[in-house]
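Reader: I have a model open and some questions about it. Can we go through it piece by piece?

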Amino acid sequence: MEESAAIPAEQPTPTSKNPAVATAVTIAGWLVPGLGHLLLGKWGRALAYFLAVGTLAIAGVALRGNIFSPVGGDAFDRLGFLADLGAGVFYFLARAFADGSADVSRAAGDYGTRFFATAGVLNLLCALDAREIARGRKS
């Protein structure tokens, strides 16, 4: 009996690739949903993430949800801003083109606020996923 067959092979530990590349992929993935995965050659994931985040963000704006500004009155406004900012380019477009007339007095406006915040949080998770792939911890 061979000795090598009896001893299980060691699993390779994840290697840390270039941290500058991982950071660039993370920032790109935050700024434009799916771009981090696109840069890593994960075309399917990139398209799925862009469509998911984009659909949620557009639905949030279409339902006239509240897009939070950096100047918030309380902790919930600041948390809403951070969630919205996570949507990357969709946040900047919404702030630039929204007429500022959020309608949260109706259920649709409240849903729109939640949809846009969900788009931001989902995009942040996608950017972190791209970072883990770039660092070699995930495939």
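**Helices and salt bridges**

Author: R45 is partly exposed, at a relative accessible area of 29%. Keep in mind that this is a predicted model.

Reader: Which residue does R45 form a salt bridge with?

Author: The partner is D129, and the closest N and O atoms of the two are 3.6 Å apart. R45 belongs to helix α4 and D129 to helix α7, so this pair ties together parts that lie 84 residues apart in sequence.

Reader: And D129, is that buried or exposed?

Author: D129 is buried, with a relative accessible area of 10%. The cut-off for buried is under 20%.

Reader: Which residues are in the network with R45?

Author: Salt bridges with shared partners join R45, D129 and K138 into one network.

Reader: How many salt bridges are there in the whole structure?

Author: A search of the whole structure gives four. One of them links D110 and R114, at 3.2 Å from N to O.

Reader: How far apart are D110 and R114 in helix α7?

Author: They are four residues apart in helix α7, which means a separation of about one helical turn. D110 is partly exposed at 30% relative accessibility. R114 is also in the partly exposed class, with a relative accessible area of 48%.

Reader: What does E132 pair with?

Author: The side chain of E132 meets that of R137 in a salt bridge, with 3.8 Å from N to O. E132 is partly exposed, its relative accessible area being 26%.

Reader: Why do such pairs form at all?

Author: Side chains of opposite charge can pair when their charged atoms come close.

Reader: Changing topic. How do α4 and α7 cross?

Author: Helix α4 covers residues 43–62. Helix α7 covers residues 107–134, and the axes of the two helices come within 7 Å and cross at roughly 160 degrees. That makes α4 roughly antiparallel to α7, because angles over 145 degrees count as roughly antiparallel.

Reader: Left-handed or right-handed?

Author: The crossing of α4 and α7 is left-handed.

Reader: What is the C-alpha separation of L122 and V53?

Author: Their C-alpha atoms are separated by 6.8 Å, although the two residues are 69 apart along the chain. L122 sits in helix α7 and is partly exposed, with 28% relative accessibility.

Reader: Now the surface. Which residues form a nonpolar patch there?

Author: L47, F50 and L51 form a nonpolar patch, and together they have about 280 Å² of accessible area.

Reader: Where is F50 found, and in which helix?

Author: F50 is in helix α4. At 36% relative accessibility, F50 counts as partly exposed.

Reader: Zooming out, how many helices and strands does the protein have?

Author: The protein has seven helices and zero strands. Along the sequence the pattern reads α-α-α-α-α-α-α.

Reader: Last one. What share of the residues counts as buried?

Author: Of the 139 residues of the protein, 30% are buried. D129 is buried too, at 10% relative accessible area, whereas R45, its salt-bridge partner, is partly exposed.

Conventions: Residues numbered from 1 in each chain as written. Predicted model: local features only at pLDDT ≥ 70, side-chain atom pairs only at ≥ 80, totals over all residues. Heavy atoms only, no water. Patch = residues over 30% accessible without salt bridge, like charges linked within 9 Å, V, L, I, M, F, W, Y side chains within 5 Å. Areas by Shrake-Rupley, 256 points an atom, 1.4 Å probe, with all protein chains shown as cover. Buried < 20%, exposed > 50% of the residue type's maximum accessible area, 1.4 Å probe, protein only. Axes fitted to C-alpha atoms, helices over the stretch in contact; angles between N-to-C directions. Parallel < 35°, antiparallel > 145°, perpendicular 65-115°, else oblique. Left-handed = near helix turned anticlockwise from the far one by under 90°.
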